[in-house]
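Please open the structure in the viewer and keep the selection panel at hand.

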Amino acid sequence: MSVLESGLPARLGTPEEPAAYTVPLVFSRQVSPAERLRIEDPDTARRLTEQTGRTGPDLRLSVSDRRLLVESTTLEELRDGLADALSTMLLDLGTELRRASAEREVAAEARTAHEQQRSAAVHATVATIRFD
């Protein structure tokens, strides 16, 4: 991920600089719907706030195309720990979603194998029936 500098407020570094603003970050790939749901969950922002000890307006995260919009923050907060917390959260989220996907795949394979066994058993029983 990287900061999309052109998306920052034009007043940064001036006396009119906002106290908090949206910092757009660019993902290296498209975000899946499951990732988006978890990222945008208010609990995710709450946990990041707790982890970094930040104060001030409520942090919000939203995904727009290949961008993560970190709302109500500053570049300084990102530099001072929020970026690391975001990176860790995204790595953990990816690991968790991959593990859940693998578990679903194993369960689906087990259901398929069971269905094949059931179907074979029914077929074998049908094959033994004779009408002489």
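Throughout this tour, a contact, or touch, means heavy atoms within 4.5 Å. This is a predicted model, in which local features need pLDDT of at least 70 and side-chain atom pairs count only at pLDDT 80 or more, while totals for chains, interfaces and linings use all residues. Residues are numbered from 1 along each chain as its sequence is written, and side-chain values use heavy atoms, with hydrogens and water left out.

Select Ile39. Leaving aside residues up to four places away in sequence, Ile39 touches Phe27, Val31, Thr44, Leu61, Val63, Leu68, Leu90 and Leu93. Ile39 is also among the residues that touch the most other members of the largest nonpolar core, together with Leu48, Leu61, Leu68, Val70 and Leu86. That core has 21 residues. A nonpolar core is a set of buried Ala, Val, Leu, Ile, Met, Phe, Trp, Tyr and Cys residues joined through side-chain atoms within 4.5 Å; buried means under 20% relative accessible area, exposed over 50%, and partly exposed in between (1.4 Å probe, protein chains only).

Which elements give two or more residues to this core? They are strand 2 (21–26), helix 2 (42–52), strand 3 (60–64), strand 4 (67–73) and helix 3. Helix 3 gives the most, with 7 residues. Helices (H or I, at least four residues) and strands (E, at least two) are DSSP runs, numbered from the N terminus.

**Next selection: helix 1 with helix 3**

Select residues 33–40, helix 1, and residues 75–127, helix 3. Their axes come within 11 Å and cross at roughly 135°. Axes are lines fitted to C-alpha atoms, for helices over the stretch in contact, and angles run from 0 to 180 degrees between N-to-C directions. Ala34, Glu35, Arg38 and Ile39 in helix 1 meet Leu90, Leu93, Glu96 and Leu97 in helix 3.

**Next selection: helix 2 with helix 3**

The axes of helix 2 and helix 3 come within 10 Å, crossing at roughly 130°. Thr44, Leu48, Gln51 and Thr52 of helix 2 make the contact with Gly81, Leu82, Ala85, Leu86 and Met89 of helix 3.

Thr74 lies in the loop between strand 4 and helix 3. Is Thr74 buried or exposed? Thr74 is buried, because its relative accessible area is 11%. Apart from residues up to four places away in sequence, Thr74 touches Ala19, Ala20, Tyr21 and Val23.

Finally, select Ala127, which is found in helix 3. Ala127 has a relative accessible area of 41% and is therefore partly exposed.
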